[in-house]
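Grab a pencil and work through these exercises with the structure on your screen. Try each task yourself before you read the solution.

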Amino acid sequence: MWQRLGRPLAAGGGPGGTLVPRAGLKKYVLPPDYSDVTLPERPKLKFMDKVPAVPKVRREPRRLRDIRGPSSEATEFSQGQYGILALGGGYLHWGHFEMIRLTIGRCMDPKTMFAVWRVPAPYKPITRKSLGHRMGGGKGPIDHYVTAVKSGRLVVEVGGRCEFGEVKHFLTQVARKLPFPAVAVSRDTLQRMQKEEEEKQLNNQNPWTFERIITANMLGMRKYLSPYDLRFKGRYWGKFFLKHRV
Amino acid sequence: MAALSGGGPWRRGWLPALQLVRHGSKAVTRHWKAMHFQRQKLMAVTEYLAPKPLIPEQCLPPKKEVVKEAEEDNGYVRLLRRLVAEAFRDNRMIVVCQYNPMPNEDMLLMRHYLRKHNIEVKFFLNEIVRPVLSQSKYKNLLPLFVGRNILLVSPETKVKEMLRVLKGVPQINLLGACIDDTILSKKGVENFAKLPSLEASQGQTVGALALLPSQTCSLLQRGSVHLTALLDEYIKQLQAGAEATAGSPTKPALSQSSEAH
């Protein structure tokens, strides 16, 4: 309702009179130095196959644990400066890959930017039974292939002679369309997120933490929890990542 | 009815820690799987509590994170400060005026008239002038540098002409001046303008001092001058008397009367 002034009124204008706001000296910011950035030969995203080169013969069980919990690979930046971070688990199929490839290819400038995949091409076969049949009759045939993505994994990386502001718009566009919650990040923002998490863990005023209760099995809580919760510490539930929890 | 999954619980190797499942939904689902109530309670108890300071941040004055050293590293800022220092050093008269927005042509005319009297109009940003002044001897001028202002600087002190020009420009108001390292207010400047020029006052002083010696000379000569005047008068009267006796015999009365004098 009431908007607080950003600076006190009496600064420099106490006995002399009221302070009339006006523009001060223009601060000339030097443009960023991109001398150490090299663009690869093919700056655009590689085409991902729908089916791997050697299609799988054997049908695999569902193994949903490849969605569950935090990711152990591709959590840090490798070549680029900006990327899309997955904040939940899910499967990416060929349609998603095409969407990402075409959107980023359309919105980026191949002369100054480059993009790199951080997820492999679809490798996991997903079976589907034909529509309208009753249960039973064995496992269905392989329908399509997907890639499993866990939370905390980078999907694509973008780099080159560009600022986050230029890249953020289309990265958020792509992130919205993914099957799991995702966010556009840069190296700085990712570091800041990690630091904030650590700070939250340190300055938590609640003496009762999920980890403490579950490791000591207070009140017999482990009866209602899974052994995976020892690892996930209340931050992961199924494929979801609970960001607000510590 | 479906309390137990088919033949499961009574098999060998059944872990009593595992809860009896009713509907068989897996751990990882597309939808948000409903948590057991105990687990919900645990999640509610172990939520994050942010640290709360005794005095909320809104009640404290805002923290200013201004880094002034970075500004001085800026070459442009250093240049401007040098210009300000030069202006204060090289000019005898520095006048601070309030600047209100005015039409450009009027501004140009004013600058032209002032330039004729060798007065320059300078614009400096307050944020540059203030640190320069606070470290020099002009600390008492600091309260003037608030709001929009301009500096009129000149190596000479032609205050009368300047005031005449400024009178014709209502948007420029005189706030204060520093003439010959003397800080003057608006009234002080007006009084300064009414003073006679340096040459005139010098001449006056010299005249006042030389008055007494000049009088001494005339004082000393007064006696002899008076005597000379009287003798001249007497000679004139004798001559006048001699003419009168040569003209008629009635005239000796006049000469006698003049002799009696």
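**Exercise 1.** Find the residue of E5(A) that Thr127(A) stands opposite, then work out the sheet around that pair.

*Solution.* Step 1: look across from Thr127(A), and you land on Ile142(A) in E5(A). A strand here is a DSSP run of E with at least two residues, a helix is a run of H or I with at least four, and both are numbered from the N terminus. Keep in mind that this is a predicted model, where local features need pLDDT of at least 70, side-chain atom pairs count only at pLDDT 80 or more, and totals for chains, interfaces and linings use all residues. Residues are numbered from 1 along each chain as its sequence is written, chains are lettered from A and ligands numbered from 1 in the order in which they are written, and side-chain values use heavy atoms, with hydrogens and water left out.

Step 1: Ile126(A) has His144(A) as its bridge partner in E5(A). In total, 4 bridges link E4(A) with E5 (residues 142-149), and the two run antiparallel. Two strands count as paired if DSSP finds at least two bridges between them.

Step 2: You get an open sheet of 3 strands in the order E2-E5-E4. E2 (90-93) and E4 (124-127) of chain A are the edge strands, each pairing on one side only. Neighbouring strands are turned by 50° on average, direction ignored; axes are lines fitted to C-alpha atoms, for helices over the stretch in contact, and angles run from 0 to 180 degrees between N-to-C directions.

Step 3: H1 (residues 94-107) of chain A lies across E2 and E5 of chain A, at about 70° to E2(A).

**Exercise 2.** Work out the strand order of the open sheet in chain B, and say which strands stand at its edges.

*Solution.* Step 1: start with one pair. Strands E1 (residues 93-99) and E3 (residues 149-154) of chain B run antiparallel and are joined by 6 bridges. Within it, Ile94(B) is partnered by Val153(B).

Step 1: extend to 5 strands, and the order reads E2-E3-E1-E4-E5, with antiparallel pairing. E2 (120-122) and E5 (182-184) of chain B each have a single partner strand, so one side of each has no neighbour in the sheet. The twist averages 25° from one strand to the next.

**Exercise 3.** Describe how chain B and chain A touch.

*Solution.* Step 1: count contacts (heavy atoms within 4.5 Å). 38 residues of chain B touch 41 residues of chain A.

Step 1: look for charges. The rule finds 1 salt bridge across the interface, where the term means a side-chain nitrogen of Lys or Arg within 4 Å of a carboxyl oxygen of Asp or Glu. Asp229(A) and Arg39(B) form a salt bridge, their closest N and O atoms being 2.7 Å apart.

Step 2: find the helices involved. H1 (37-45), H3 (75-90) and H5 (126-134) of chain B each supply at least two residues of the side that touches chain A. The largest share, 5 residues, comes from H1(B).
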